[in-house]
Amino acid sequence: MSNVIPFSKALRERTWSGHGESEGAGFMSDLMSGRGSRDDYIALVAQHYFIYEAIESAAEKMTDDPTAAPFISPKLTRLPAIREDLRFLIGDDWLEQITPLNTTARYVARINEVGEGWPGGFIAHHYTRYLGDLSGGQVIRTLMQRQFGFETNGVGFYLFADIAKPREFKETYRAQLDAVGWSDAERDRVIDEVIEAYRFNTALFIDLANAKAAAAAAA
Amino acid sequence: MTTFSADVVGAILAHMNNDHPEDNLVIVRAFGAPDAERAEMIDLDTLGATWSAWLVPEDERTQVVIPWPAGAIETRAEIRQQIVALYDSASAALGLPPRHGVE
């Protein structure tokens with residue numbers, strides 16, 4: 001029988017593995033455990049800018065798509081907060097100071113590609129970023145605030161001010177995932193794209209670690 | 001500092017280590033032991049919890065002490081909330097596909 005398992009459940013089960021790649025985890029682990037620097041945090045925010053710029057541009061193109069539209073919400077929009085964070089962290093000329101790392105450029109190219117006409121692929125990237133940030137952002141924000149003495153400036157990215165009840169929001173999102181009438185084959189393609197998004201994230205941490213090592217060597 | 005009863009601590013550790021070994025691993029990888037291959041929760045109190053992480057080679061171990069994100073807590077129900085919060089933030093930090101945490 002097909003479609004017996006709710007899609008959101010299949011997605012969770014098939015995309016999650018605690019034995020995933022640990023390579024690259026060091027950059028974020030340092031940041032989370034107080035061993036990272038303010039510059040490390042800024043480097044991460046800068047890459048978020050390019051990633052969310054791509055996702056939110058794709059969302060604009062997808063607003064009239066009947067499959068993608070239910071997932072798109074202004075409550076999730078991160079770009080204005082990221083811009084303000086970067087302005088606070090590195091100054092008014094922040095855009096001139098930041099560059100996408102190699103993985104970010106590939107990640108952005110992929111988001112642009114699916115954003116041109118594959119709603120399932122767009123949803124895969126949308127889900128991976130926003131639901132993760134919504135779930136874990138609160139604690140990450142608190143940790144960064146403590147480490148670097150931020151109040152709300154600098155960590156606006158993690159503040160979903162328009163979502164009072166993240167748990168309910170996530171449940172609605174998952175119900176919407178289950179309501180999409182995808183075929184089994186399309187479900188598989190979407191799940192594969194979520195795994196691809198995870199690979200981009202992992203590769204990005206490796207890039208960030210390498211860029212940090214290169215900067216330290218040059219100093 | 002207030003501590004939880006040995007019964008409560010034992011029950012939580014048994015639950016985490018028997019039912020959620022991979023959640024333990026995600027948490028330690030995000031909070032200080034990125035190379036861990038296996039992890040076990042070994043203690044907790046009102047201020048935080050301690051995990052033991054196995055690195056490669058297998059006999060090398062390290063301890064990861066993580067304060068509760070909410071600060072000091074008082075009730076057993078809060079322990080669960082804090083572990084879920086740690087798991088969710090660890091998962092987001094590592095870029096893992098989102099999943100509900102400890103059930």
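## Helix α3 of chain B

A residue is buried if 20 or more other C-beta atoms lie within 10 Å of its own, exposed if 12 or fewer, and partly exposed in between, with C-beta atoms placed from the backbone. Helices (H or I, at least four residues) and strands (E, at least two) are DSSP runs, numbered from the N terminus.

Just after α3(B), Gly95(B) takes a positive phi of about 75°.

## The nonpolar core

A nonpolar core is a set of buried Ala, Val, Leu, Ile, Met, Phe, Trp, Tyr and Cys residues joined through C-beta atoms within 7 Å. The largest one holds 88 residues, and those touching the most other members are Met28(A), Ile27(B), Val28(B), Ala30(B) and Ala90(B).

Beyond its neighbours within four places in sequence, Val28(B) is in contact with Ala33(B), Ala36(B), Ala39(B), Trp51(B), Ala53(B) and Val64(B). Two residues are in contact if their C-beta atoms, placed from the backbone, lie within 7 Å.

## Chain A as a whole

Chain A has 9 helices and 0 strands. For its 219 residues, a compact globule would have a radius of gyration near 17 Å, and the 18 Å of chain A agrees. This radius is taken over C-alpha atoms, and the globule rule is 2.2 Å times the number of residues to the power 0.38. Of the residues of chain A, 42% count as buried.

## Where the chains meet

The contact between the chains takes 27 residues from chain A and 24 residues from chain B. On the side of chain A that touches chain B, α7(A) gives the most, with 10 residues. By class, this side has 10 nonpolar, 15 polar and 2 charged residues. Ala, Val, Leu, Ile, Met, Phe, Trp, Tyr, Cys and Pro count as nonpolar, Asp, Glu, Lys and Arg as charged, and the others, Gly among them, as polar.

## Basis of the report

Residues are numbered from 1 along each chain as its sequence is written, while chains are lettered from A and ligands numbered from 1 in the order in which they are written. In this predicted model, local features need pLDDT of at least 70 and side-chain atom pairs count only at pLDDT 80 or more, whereas totals for chains, interfaces and linings use all residues.
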